[in-house]
Amino acid sequence: MTSPSPRVSVVLPVYNGLPYLHAAISSILSQSFSDFELIVIDDGSVDGSASALEEFDDQRLRFLRQDNQGLARTLNHGISLARGIYVARQDQDDLSHPDRLALQVAHMEAHQECVLVGSWAQIMEVDRLVDRFHRHPLDESTLRYQLLFNNPFVHSSVLLRRSAFEQVGGYTTDPARQPPEDYELWSRLSRIGSVANLGRVLLVYREIPGSMSRNGPSPFRKRLITLCAENIAIAAGLPSDDPSALAIAALTHGDTTVMSQSPDFSRMQDVLLMAIQSLAAGDLQTPFRLDAISRIHAMKAGWIIRESPAYDLLHRPGPIRNVAKRLWQLVKRLRGPQ
């Protein structure tokens, strides 16, 4: 007989995560909200990660192994097996607060239009909890504004509405668009429903070299620029390859090699203001308009400096740069502590 579907499916991908996996699983199995299944997928680990599951005897735990396929494919596989209305992410080295699922499910059930809810997170440096936090914005207008440029959600803190995930086709596995697979997915989800963060620390986010999220190709800046440009253009009602949207994205993320022409700062400002009109109404637009204008002015100032002969001289290794550095150090010493 088939067991009833749980309310939540927690998907936990594993790749060589043995040192912290037991604690991560325990943090899920000890949730105050109990109507869930935990799907753990070992993505070809070679460190014996599966042994961490031997101590658990819980009917809600499902374990699978596969040859290494990478994070996005592993997540899609795990969510394809999910039976819950909601899908929660959990990383192999992070810890969820006991009330995380209860609070996130309550939010989703009170906001049927919501497709994604994250939470604040506290940083743990390897095994040491430190006084650093991811406190991303809570209100939807600000989240949508920040999504134009980057990712305002902690991936491992997110709970999704599964029907929305399936509607947008899941995580992309296109190497031209991921990583960052999370920012790519949030961008598409935000176009079909509302998004939110809960203003409570419901996750401990462990920073550790070699974690699954830090493996793989590192140069994803160009993909980040592609997604950022696409978000700005779509919000402004323009084609996704609009050159001004691309210039805003390129200058935001500090890589002008993707630009085929000099930036038109006047049009860039118009494009960004057009994008803001789709994010908020009336006076709610004001802080975003001010930030947008300030961003474009800063980009223009940086571009002018970059195009000046002095910029090239000061950034080219040689005696002029060395003298400039010494002069700057001398000025700092003469000015004293600020």
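Among contacts in the protein chain (heavy atoms within 4.5 Å) between residues at least 6 apart in sequence, 75% join residues at least 24 apart. What you're looking at is a predicted model, where local features need pLDDT of at least 70, side-chain atom pairs count only at pLDDT 80 or more, and totals for chains, interfaces and linings use all residues. Residues are numbered from 1 along each chain as its sequence is written, and side-chain values use heavy atoms, with hydrogens and water left out.

**The overall picture**

- The protein chain has 12 helices and nine strands; these are DSSP runs, numbered from the N terminus, with helices being H or I of at least four residues and strands being E of at least two.
- Of the 338 residues in the protein chain, 50% are buried. Buried means under 20% relative accessible area, exposed means over 50%, and partly exposed is in between (1.4 Å probe, protein chains only).

**The nonpolar cores**

- A nonpolar core is a set of buried Ala, Val, Leu, Ile, Met, Phe, Trp, Tyr and Cys residues joined through side-chain atoms within 4.5 Å.
- The largest one has 59 residues, and L116, L148, W186, L189, I232 and I248 have the most contacts inside it. Helix α7 (residues 221-236) gives the most to this core, with nine residues.
- Apart from that core lies another, made of 28 residues, including I28, L53, L159 and L202.
- Now zoom in on W186: leaving out residues up to four places away in sequence, W186 touches L116, L147, N151, F153, H155, V158, L160 and Y171.

**A helix tucked inside**

- Helix α4 (residues 140-147) is largely enclosed by the rest of the structure, because six of its eight residues are buried. Those six are S141, T142, L143, R144, Y145 and L147.
- The cover over the buried residues of α4 includes α6 (181-189), β9 (194-207), α7, α9 (265-277) and α10 (286-307).

**Salt bridges**

- Side chains of opposite charge can pair when their charged atoms come close. Here, a salt bridge is a side-chain nitrogen of Lys or Arg within 4 Å of a carboxyl oxygen of Asp or Glu, and the whole structure has 18 of them.
- D91 and R89 form one, at 2.6 Å from N to O, and both residues are buried.
- R128 and E125 also meet in a salt bridge, at 2.6 Å from N to O. R128 counts as exposed because its relative accessibility is 51%, while E125, at 28%, counts as partly exposed.
- E184 pairs with R177, with their closest N and O atoms 2.9 Å apart, and both of these residues are buried. Salt bridges with shared partners join R177, E184, R188, R191 and E230 into one network.

**Rings and charges**

- There are five aromatic pairs, meaning rings of Phe, Tyr and Trp (its six-membered ring) with centres within 6.5 Å. Ring pairs tie F153, F165, Y171 and W186 into a cluster.
- A charge sits over a ring if NZ of Lys or CZ of Arg is within 6 Å of the ring centre and within 35 degrees of the ring normal. The charged end of R135 does this with F133, 4.0 Å from the ring's centre, and R295 does it with F149, at 3.7 Å.

**Cysteines**

- How many disulfides does the structure hold? Zero, where a disulfide is a pair of cysteine sulfur atoms within 2.5 Å.
- C114 counts as buried because its relative accessibility is 1%, and C228 counts as buried at 0%.

Methods:
Rings of Phe, Tyr and Trp (its six-membered ring) pair if their centres lie within 6.5 Å; planes under 30 degrees apart count as stacked, over 60 as edge-to-face and the rest as tilted.
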